[in-house]
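Here are a few exercises to work through with the model open on your screen. Try each task before you read its solution.

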Amino acid sequence: MVRAADNANAAVQTLHGVRYEPHAEVGGQKLRLNGAGTRYKAVFKVYTAGLYLEKPARSLQEIAALPGPKRMSVTMLRDIDSSELGKLFSRGMEDNMERAAFSKLVPGVLRMSQIFTDHKKLLAGETFTVDWIPGHGTQVTVKGQPQGEPFKEPEFFQALLGIWLGPHPADEQLKKALLGEAS
């Protein structure tokens with residue numbers, strides 16, 4: 001678990017060899033690392049993730065209320081079948097939303113699954129980011145390459161964050177780490 005730094009002179013945070021800079025620029029705005037942690041499946045380390053926001057937030061609701069850009073950065077710690085990852089994302093979104101709200105996002109969910117299916121595999125050390133840029137949408141970038149047009153609905157980014165920060169997160173310890181809570 002990495003605790004978010006609240007000052008401008010924060011140091012680089014490292015998890016399992018993955019560096020999380022204290023700041024990232026998204027949509028022309030400087031964001032700060034809110035928190036970072038590791039996703040475990042049983043005893044296996046699957047990936048690390050870092051959440052960048054304009055100011056600290058401690059809940060999904062606080063994050064939703066922030067008007068500026070946001071970034072979730074994920075770096076794989078083991079090789080994974082990308083189509084399986086896409087399916088897990090779909091299920092994670094569905095598990096953390098009301099059925100009617102999820103139904104409205106199905107076209108985007110299918111497109112997101114296809115993005116990962118097209119990549120076949122994500123290898124240890126490879127990264128993808130999900131950026132919310134106001135007025136632009138949610139941009140998914142895999143291995144440094146933007147993946148098509150942004151998803152325009154603000155609800156889509158919020159639904160993606162629900163995978164990690166919703167009431168039924170993929171990993172409770174990772175949720176706490178991304179929200180900057182001490183373990």
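A polar contact is a pair of N or O atoms within 3.5 Å; within protein, one must be able to donate a hydrogen and the other to accept it, and residues adjacent in sequence count only if both atoms are side-chain atoms. Keep in mind that this is a predicted model, where local features need pLDDT of at least 70, side-chain atom pairs count only at pLDDT 80 or more, and totals for chains, interfaces and linings use all residues. Residues are numbered from 1 along each chain as its sequence is written, and side-chain values use heavy atoms, with hydrogens and water left out.

**Exercise 1. Find what the side chain of Gln-147 makes a polar contact with.**

Start by locating Gln-147: it sits in the loop between β12 (145-146) and α5. (Helices, H or I with at least four residues, and strands, E with at least two, are DSSP runs numbered from the N terminus.) Next, look along its side chain, which makes a polar contact with the side chain of His-119 at 2.9 Å. A polar atom of the Gln-147 side chain also lies 2.6 Å from the backbone oxygen of Gln-145.

Gln-147 is buried, at 16% relative accessible area; buried means under 20%, exposed over 50%, and partly exposed in between, using a 1.4 Å probe and protein chains only. Finally, list its contacts (heavy atoms within 4.5 Å). Leaving aside neighbours within four places in sequence, they include Arg-111, His-119 and Gln-139.

**Exercise 2. Work out which backbone oxygen the side chain of Gln-139 reaches.**

Go to strand β11 (residues 137-142), where Gln-139 lies. Its side chain reaches the backbone oxygen of Gly-148 at 3.3 Å. Gln-139 has a relative accessible area of 11%, so it counts as buried. Setting aside neighbours within four places in sequence, its contacts include Thr-129, Asp-131, Gln-147 and Gly-148.

**Exercise 3. Is Gly-166 buried or exposed?**

With a relative accessible area of 1%, Gly-166 is buried. Then look for what it touches: not counting residues up to four places away in sequence, that is Leu-60, Asn-96, Leu-161 and Lys-175. The C-alpha atoms of Gly-166 and Asn-96 are 5.6 Å apart, although 70 residues separate the two along the chain.

Pro-169 is in the loop between α5 (154-165) and α6 (172-178), and at 16% relative accessibility it counts as buried. Its contacts beyond four places in sequence include Asn-96 and Lys-175.

**Exercise 4. Describe the largest pocket: which element gives the most to its lining?**

A pocket is defined on a 1 Å grid over the protein atoms alone, as an open set of points where a 1.4 Å probe fits, with protein on both sides within 12 Å along at least five of seven lines; lining residues have an atom within 4 Å of a point. Volume is the space filled by probe spheres set on the points, which are joined across faces, edges and corners.

Step one, the size: about 330 Å³ of space lies in the largest pocket. Step two, the lining: of its 15 residues, the closest to the centre are Arg-39, Lys-41, Leu-88, Arg-91 and Ala-170. Step three, the elements: β5 (29-41), β6 (44-53) and α2 (82-95) each give two or more residues, and α2 gives the most, with 6 residues.
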